[in-house]
Number of protein chains: 2
Amino acid sequence: MITVNVELGDRAYPIHIGSDLIGQTALFAPHIAGKSVTIVTNTVVEPLYGEKLRAALAPLGKDVHTVVLPDGEAFKNWETLNQIFDALLTSRADRKTTLIALGGGVTGDMTGFAAACYMRGVPFIQVPTTLLSQVDSSVGGKTGINHPFGKNMIGAFYQPQAVIADIAALRTLPARELAAGVAEVIKTGAIADAEFFNWIEANVERLNRCEPEALAHAVKRSCEIKASVVAADEREGGLRAILNFGHTFGHAIEAGLGYGEWLHGEAVGCGMVMAADLSVRMGMLDEASRERLVRVVKAAHLPDVGPALGADRYVELMQVDKKAEGGAIKFILLKRFGETHIGLAPDEAVQATLAATVKS
Amino acid sequence: MITVNVELGDRAYPIHIGSDLIGQTALFAPHIAGKSVTIVTNTVVEPLYGEKLRAALAPLGKDVHTVVLPDGEAFKNWETLNQIFDALLTSRADRKTTLIALGGGVTGDMTGFAAACYMRGVPFIQVPTTLLSQVDSSVGGKTGINHPFGKNMIGAFYQPQAVIADIAALRTLPARELAAGVAEVIKTGAIADAEFFNWIEANVERLNRCEPEALAHAVKRSCEIKASVVAADEREGGLRAILNFGHTFGHAIEAGLGYGEWLHGEAVGCGMVMAADLSVRMGMLDEASRERLVRVVKAAHLPDVGPALGADRYVELMQVDKKAEGGAIKFILLKRFGETHIGLAPDEAVQATLAATVKS
């Protein structure tokens, strides 16, 4: 087991990464202070890991409840969130009740937001069971739900007590979801660490085959990079925005198609290709680097051509993105692997990128 | 104008108290950094003070939007909160948009919670127009909405940029709502400052008559006391719980009757009488002090007898209160004016109090 510590002062927490961690009582024990625990999971993950987690918690003698939500981004909304609140209130959860998010990014984001809001804040633990959530949404404290007008529009910054990333859980992950997780691994290398990007290029097939050692390294390095960025900028004042590379275009794809049509990681994979194209057009990135990025995105079986939403719709959707200010879209651009630039882009360049990278 | 500063480090903010403050541009100017402002108000307050506030903001050259919500505790729920989110997204509010809560406690709590959650946090200003919200809900950063199973169950601790408490706005307040505000003034004196309690006893008629000088003093002293308690315990770990004197019984009354039947302050007024009765039964408070408290509650035209919900229902409702832990009800008891005790109470004492203070 490897442990990455996220340094956030009195909100610091550990990320434990390794195989078969869900069943280890000792990993949960230090983080559960109250008398009760509510596990929040979904219809897909509950039959796979629900019993294993409850067996790990049993020796602690807590009152354990489980809420099983419907699966998918389409359910990341108020109605589903309210199912968590209903369950907490029905089981008389109090201010010391610990929530455990068992599942992917949607489960983690909703459980974290429920923990942030229930009685104005209760503790929670993340047990991410997808590659995407292990490398991405379990680090950084971003929680929330979608609104029909925009993704993650309603939420909170709220840190977990601990993250327990069980690599063994990835064996049951569908190939498409594994690829969506690799997208965030590629992103992390591209924006922050050229050497790690090289490693990804050389090992993408091992990740595709779900090799535990390769996955553990990818998760560890991604968490380390993200943790250092978040520690420097917890509330996304500046630096942290680089983590949104590929997300401006990606969010437009997700919102434009309707949440759930493409996986978040698929939209980010394609979004990175689009952002790299824009970076080349603005004279920031060389063509060879763009081609390398496209190659690794394709090798991870991620889409590299955007859906035909129409250029105007893309721009409109990017303008309501949380990173936009006064209607001006802030793009995360690439200068070279490991170095980014955040700024506006001329309309002509954006239009040219959309013409070149979107399905006609 | 008097200013009380709430000392919370980088979340510190001023409370300005005085007459005719809503129209003063200079009070708003330092707290609005972005290009747009969304005023959140309700159908009662908008026709009274909406134009005055917009006129004060006009010289700042901001893009100003207004959301008018239905009035009353019965609307302090997700559906109404979502009207704020819809309006923010429709008007393309960004992360620097400032929300202004113009109204009473319900408007302030919902606007503050919307500000805490919209894009994971935008700035907001409180302009409380009721006595209750001026003395109570505008200090302390408690925001939130009700759930059918309990009051303020979903929310956040989130501090405003500033509070602008216009005493002149209280002239349009119905007598019943003024009395509800006096309840919180009485509470503040009772728990924290015997001298202020004496002043309230001597001046309660002046408050009932809405005399500006008496009101300004009551608001100032209440805010000072609450600000010092909150500064010592922002997230309600300990000391802050004393502010809930009268609220354990009070919340049970509100939830049992259905929110909106009694005003919050009316329930707190009666709840204080019940908590004082329990304090006497537990040998903590002398009978003469209890009688003084009952007398001042009555003098403020507040109810001193609880509605007939049935003793079991009272206990059940108090067990789901946020202050309860593992089903044990934590009562805020009075030892003498200015000194409280927080603890459990024997069932027999609680039953005897309910028998003595509730309508049969």
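The following exercises concern a predicted model.

**Exercise 1.** Determine in what order the seven strands of chain A form the open sheet, and which strands are at its edges.

*Solution.* Begin with the order, which is 1-2-9-6-5-3-4 in chain A, with mixed pairing. Next, look for strands that pair on one side only: these edge strands are strand 1 (2-6) and strand 4 (63-69) of chain A. Finally, consider the twist, which averages 15 degrees from one strand to the next.

**Exercise 2.** Identify the strands of chain A across which helix 3 and helix 8 of chain A lie.

*Solution.* Helix 3 (residues 78-90) of chain A lies across strand 3 (36-42) and strand 4 of chain A, and runs at about 160 degrees to strand 4. Helix 8 (residues 212-232) of chain A lies across strand 1, strand 2 (13-18) and strand 9 of chain A; its angle to strand 1 is about 15 degrees.

**Exercise 3.** Describe the side of chain B that touches chain A.

*Solution.* Count the residues in contact: 31 of chain B with 31 of chain A. Then assign elements: helix 3 (78-90), helix 4 (105-117), strand 7 (142-147) and strand 8 (150-157) of chain B each supply at least two residues of this side. Strand 8 of chain B gives the largest share, six residues. Lastly, sort by class: the side of chain B that touches chain A has 14 nonpolar, eight polar and nine charged residues.

Note on methods. Residues are numbered from 1 along each chain as its sequence is written. Chains are lettered from A and ligands numbered from 1 in the order in which they are written. This is a predicted model: local features need pLDDT of at least 70, side-chain atom pairs count only at pLDDT 80 or more; totals for chains, interfaces and linings use all residues. Two residues are in contact if their C-beta atoms, placed from the backbone, lie within 7 Å. Helices (H or I, at least four residues) and strands (E, at least two) are DSSP runs, numbered from the N terminus. Ala, Val, Leu, Ile, Met, Phe, Trp, Tyr, Cys and Pro count as nonpolar, Asp, Glu, Lys and Arg as charged, and the others, Gly among them, as polar. Two strands pair if DSSP finds at least two bridges between them. Axes are lines fitted to C-alpha atoms, for helices over the stretch in contact, and angles run from 0 to 180 degrees between N-to-C directions.
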